[in-house]
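My entries follow in the order in which I checked things.

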Amino acid sequence: MNKKLKQLFFKGANFLGVEFPIMGGAMTWISESSLVSATSNAGGFGVIAAGSMNRDQLQKEIIVTKSKTTKPFGVNLILLHPEIESLIEACVDNKVDLVVFAGGFPKLRQIQKLKKNKIKTVCFATTVSIAQKMVNYGVDALILEGNEAGGHIGPVSINVLVQEILPQIVEVPVFVAGGIGRGEIFLKYLELGAAGCQIGTRLVCSNESIAHQNFKEIFIKSEARNCQISVRLDKRFPVIPVRAIENKASEKFIEEQKRVINLLDKSSISLKEAQLQVEHFWAGSLKKAVIDGDIDNGSLMAGQSVSLVKKMQSVKEIINEIVKQAEKQISNEKRVSNEKK
Ligand SMILES: Cc1cc2nc3c(=O)[nH]c(=O)nc-3n(C[C@H](O)[C@H](O)[C@H](O)COP(=O)(O)O)c2cc1C
């Protein structure tokens, strides 16, 4: 590998215990043993998406993943999960290498429990103060995820997060995510001080991803502009921002909100009932699209980097491609600078 890239990779690769500091972003229903082991076997760092799994299902997934790779991998836990504490215990009992906390910010005791058992902890940071609070809690690394990403997103782009938070955090490695599809941009984030990146959308169409063929095909056909943030029609409803490829379900969601607003305004239903009906709309919809292949009625969670997904490839090819692009960028810059001399 190019010497400069090796140097830039050192911090993140050393932290993760891998060759390339590229984390496979956990994707509910998609990031299971096949994709996770393929990512780790390709020199990256795979992460199981625990999603709505219960303790037994997670334990089984960890054991199966371990049978497919001897390389390190992690588990992504959604903090809102009603059985979060027993999922943390499953990670401890099964000695995973690392836990990524998502959907909120971990409590001090949750971080300490994992650290006491020599499991690295990672969480997302959306502001400098949250990043500092998490570092003070003892978190081992942070992820900055821009709202270019697929799935549940924050309000800020990666371009701003790297300016706002990255220079302020020196204590722990910081990984960047959201809209990363090629090596050239990855290189630039490394040069700005990132330890590595996390990619999700780019891995959906890998040969090893178990996503339904229909789900993969719509990714290959889609452009960045097709990936929109879920629309909230009324401030009274807590619609969680999700970036997904627009389909019939996104249109129906708007119609459903109009219907519920109408009932609420006529006092035909309570605010709580209205909120539940809106919240309920997307329940089970990612599984419907990813597993059943219902791309009209399911949720097509995808990031803007979907426009860089052009074909089916193995995870190894995708990771190698990103690394090669970063290397080529370094050589191009070197050549241009030599020509100027
Ligand atoms: C279909 C899909 C499902 C996702 N599910 C999760 C999840 O369960 N937990 C999580 O922390 N992030 C989830 N994400 C976000 C990814 O882990 C990753 O951070 C994101 O995809 C990175 O941005 P990119 O899609 O632009 O590469 C999901 C993303 C997608 C596309």
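I began with the surroundings of the ligand in this predicted model, and found 27 residues around it, of which G25, G150, G151, G200 and G303 come nearest. Sorting that shell by class, I counted 11 nonpolar, 13 polar and three charged residues. I then looked up which elements contribute, and noted that β9 (196–199) and α9 (201–204) each supply at least two residues of the shell.

Next I turned to the fold as a whole, for which I recorded 14 helices and 11 strands. The C-alpha trace spans about 75 × 50 × 40 Å along its principal axes. I compared the radius of gyration, 20 Å, with the value near 20 Å that a compact globule of 341 residues would have, and the two agree. Buried residues make up 45% of the 341 residues, and among contacts with a separation of 6 or more, 63% join residues 24 or more positions apart.

Last, I went through the largest nonpolar core, which has 96 residues, and in which V75, V99, L142, L144, F175 and C197 touch the most other members. Helix α14 (residues 315–340) gives the largest share of this core, six residues, while domain 1 and domain 2 each provide at least three. I followed up L142, and, leaving aside its neighbours within four places in sequence, listed its contacts as V122, C123, A125, A131, M134, I169, V172 and V174.

Technical notes. Residues are numbered from 1 along each chain as its sequence is written. This is a predicted model: local features need pLDDT of at least 70, side-chain atom pairs count only at pLDDT 80 or more; totals for chains, interfaces and linings use all residues. A residue is near a molecule or strand if its C-beta atom, placed from the backbone, lies within 6 Å of it. Helices (H or I, at least four residues) and strands (E, at least two) are DSSP runs, numbered from the N terminus. Ala, Val, Leu, Ile, Met, Phe, Trp, Tyr, Cys and Pro count as nonpolar, Asp, Glu, Lys and Arg as charged, and the others, Gly among them, as polar. The radius of gyration is taken over C-alpha atoms; the globule rule is 2.2 Å times the number of residues to the power 0.38. A residue is buried if 20 or more other C-beta atoms lie within 10 Å of its own, exposed if 12 or fewer, and partly exposed in between; C-beta atoms are placed from the backbone. Two residues are in contact if their C-beta atoms, placed from the backbone, lie within 7 Å. A nonpolar core is a set of buried Ala, Val, Leu, Ile, Met, Phe, Trp, Tyr and Cys residues joined through C-beta atoms within 7 Å. Domain bounds come from an automatic or database domain assignment.
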